Number of protein chains: 2
Amino acid sequence: MNVCWLLLVACCLAATGVVAADDSRAEPTTSEVLAASKPSDWRPLDPERALYLQMATGRVVIELAPAFAPQHAANIRTLVRQGYFDGLAIYRSQDNFVVQWGGPDSKRGPGKARAKLPPEFTVEWTPALPFTRLPDIDGYAPVVGFSGGFPVGADPQARQAWLVHCYGMVGAGRDNDVETGNGAELYVVIGHAPRHLDRNIALVGRVVQGMELLSALPRGTGPLGYYAKPEQNVPISSVRLAADVPMAERERLEVIRTDTPTFAALVESRRNRRDDWYKVPAGHVELCNVPIVVRPMP
Amino acid sequence: MNVCWLLLVACCLAATGVVAADDSRAEPTTSEVLAASKPSDWRPLDPERALYLQMATGRVVIELAPAFAPQHAANIRTLVRQGYFDGLAIYRSQDNFVVQWGGPDSKRGPGKARAKLPPEFTVEWTPALPFTRLPDIDGYAPVVGFSGGFPVGADPQARQAWLVHCYGMVGAGRDNDVETGNGAELYVVIGHAPRHLDRNIALVGRVVQGMELLSALPRGTGPLGYYAKPEQNVPISSVRLAADVPMAERERLEVIRTDTPTFAALVESRRNRRDDWYKVPAGHVELCNVPIVVRPMP
């Protein structure tokens, strides 16, 4: 079973206190919101945008975000289709920060992929960008919300929007030169959201299944959490585009839409917990504390 | 070497870009702030408030916060001195949430410790409370800052202050009844700060060394991240108060003071990164992104 979904359901198990019928302000709990959701509240994971990262311990599923990093997404697809990542490894696990894998220290060239890309750190903030605003204040961005299932920050005055470094978000490592990232070296956030990275590096997607296979890896003891010895590296068997995998071997997942009344109700259920365990509702929810739920397709 | 310190130093290795000498607004980087710190910017870890949680993989050091949870701290000390935790286990590891250990399902009674405690979820916000305000806005609390080396939220109107659920903070599990927590069952935050727990449960301290021994444990596959089979539990050899351990076997650690100009400079170095890698300084730092640095005593 999808672990994201499983964990959310598990969270909800502790949150199934029934709201008193005589409470006119009663709002549903997260589990009630999800139980009442309609098929149209969900979208299937697009196989053209889904990566399967295969390790000995299992499969990690990543959803790419070409709306925010189109050239990185295209380059990663090209790398994947060349088998670039097959046999490479996870070589960094820094506590409360990131796990990182791929090149660029491998001797493999980029092949048909590009060696450098422009810095896709922000996109233009236009009315054409799908966006559901989260009304709650945020210290790092004037405006925050969701676009196409991803957490987003925006500065309307600067006409910029960007993906946000929440837990599970995947980005393309780079050196000091902003054009040195090309998607051959990827990282995932495994700790408290390092929001200071926002707008400084290209986020390219999000782990939607198998996050625990990355987040619970032993931490590296070298500087920056790099594994001190090569034999500590965690091998990657392969990375495949879902569309290139036979149907029978694909994950059948769907992601909650972030532009629906159901999602708004989900957000409210996290802003103010209604179950019996909670005594003081927070009255606020931070962008990175809103779960963008993934589950097996019914 | 202390891992918190090691990781911070490692972070700083990537942040050693020298600020141009002709930049009149030049502020030091984190590594420069720490290198310039004085002995008086640090305090030794008090052995009467430090716990050693011993596992097969190593020792976790926890600093208790009796200023915020005096009865819990006292009860935990009583439990520890009875050997209550010795031979118990870590039985829960929920991704992006908490790792949990101890009772209450063990058949051990609390002995001389109390079975129930009043809910120490907040303390009175008075001028007597040591407090260094973080000027940056926060969505979950009207005021945030630091008190005695811990991250704190406060509501001056309600005359309340409370410890905040940042990464590495340790709390006392409870059931729905707010008096059911007594410190026999403890958890540590291993993911994005679950700030909705603030004021709903008693935080009792913080992991100051060995966090990676807890955060990288395999995730439990049962509901709420509980290990599905008892044999997956991770044994705890012992928990000891540092003061009860022979001097030669104690950790010699010091914690950065949070009420000094050095700490203010550290905060600013995280609010606006100055090294060459960063292109867009955030202009903001969230409470849980400020490192409260721990290092071996010189």
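Reader: Where is the place of N75(A)?
Author: This is a predicted model. In it, N75(A) belongs to chain A and sits within residues 70-81. That stretch is helix α3.

Reader: Is N75(A) buried or exposed?
Author: The relative accessible area of N75(A) is 5%. The cut-off for buried is under 20%. N75(A) is therefore buried.

Reader: Which residues does N75(A) touch, not counting those up to four places away in sequence?
Author: P110(A) is 35 residues from N75(A) along the chain, yet their C-alpha atoms are separated by 9.3 Å. The residues that N75(A) touches are A113(A), R114(A), L117(A) and N182(A).

Reader: How many residues of strand β5 of chain A are buried?
Author: The strand covers residues 98-102 and is mostly covered. On one side lie V98(A), Q100(A) and G102(A), and on the other V99(A) and W101(A), all buried. In a regular strand, side chains alternate between the two faces of the sheet. Both faces of β5(A) are covered, and the buried count is five of five.

Reader: In what sense do β4(A) and β5(A) pair, and which residue is the bridge partner of R92(A)?
Author: Strand β4 of chain A spans residues 89-93. It pairs with β5(A) over three bridges, in the antiparallel sense. In β5(A), the partner of R92(A) is Q100(A).

Reader: Which residue in the turn between β4(A) and β5(A) has a positive phi?
Author: The two strands form a hairpin with four residues between them. The residue in question lies in the loop between β4 and β5 of chain A.

Reader: Is N96(A) buried, partly exposed or exposed?
Author: The relative accessibility of N96(A) is 24%. Buried needs under 20%, and exposed needs over 50%. N96(A) therefore counts as partly exposed.

Reader: How many bridges join β5(A) to β12 of chain A?
Author: Strand β12 of chain A covers residues 185-189. The two strands run antiparallel. W101(A) has L186(A) as its bridge partner in β12(A). The number of bridges joining β5(A) to β12 is five.

Reader: Which loop of chain B holds L224(B)?
Author: Phi of L224(B) is near 60°. That is a positive value in a residue other than glycine. L224(B) has its place in the loop between α4 (211-215) and β14 (234-235).

Reader: Which two strands of chain B does the salt bridge of R295(B) and E254(B) tie together?
Author: The closest N and O atoms of R295(B) and E254(B) are 2.7 Å apart. Both residues are buried. They sit 41 residues apart in sequence, R295(B) in one strand and E254(B) in another. The strands are β17 (residues 294-296) and β16 (residues 253-256).

Reader: How many salt bridges does the rule find across the interface of chain A and chain B?
Author: Over all chains the count comes to 30 salt bridges. The interface has 29 residue pairs in polar contact. Its count of salt bridges is zero.

Reader: What is the area buried between chain A and chain B?
Author: The contact takes 51 residues from chain A and 50 residues from chain B. Y140(A), H192(A) and W277(A) supply 17% of the area that chain A buries there, more than any other three residues. Carbon and sulfur atoms give 58% of the total, which is about 4,500 Å².

Conventions
Residues numbered from 1 in each chain as written. Chains lettered and ligands numbered in written order. Predicted model: local features only at pLDDT ≥ 70, side-chain atom pairs only at ≥ 80, totals over all residues. Heavy atoms only, no water. Contact = heavy atoms within 4.5 Å. Buried area = accessible area lost by both parts, 1.4 Å probe. Salt bridge = Lys/Arg side-chain N within 4 Å of Asp/Glu carboxyl O. Polar contact = N/O pair within 3.5 Å; in protein donor to acceptor, adjacent residues only side chain to side chain. Buried < 20%, exposed > 50% of the residue type's maximum accessible area, 1.4 Å probe, protein only. Pairing = 2+ DSSP bridges.
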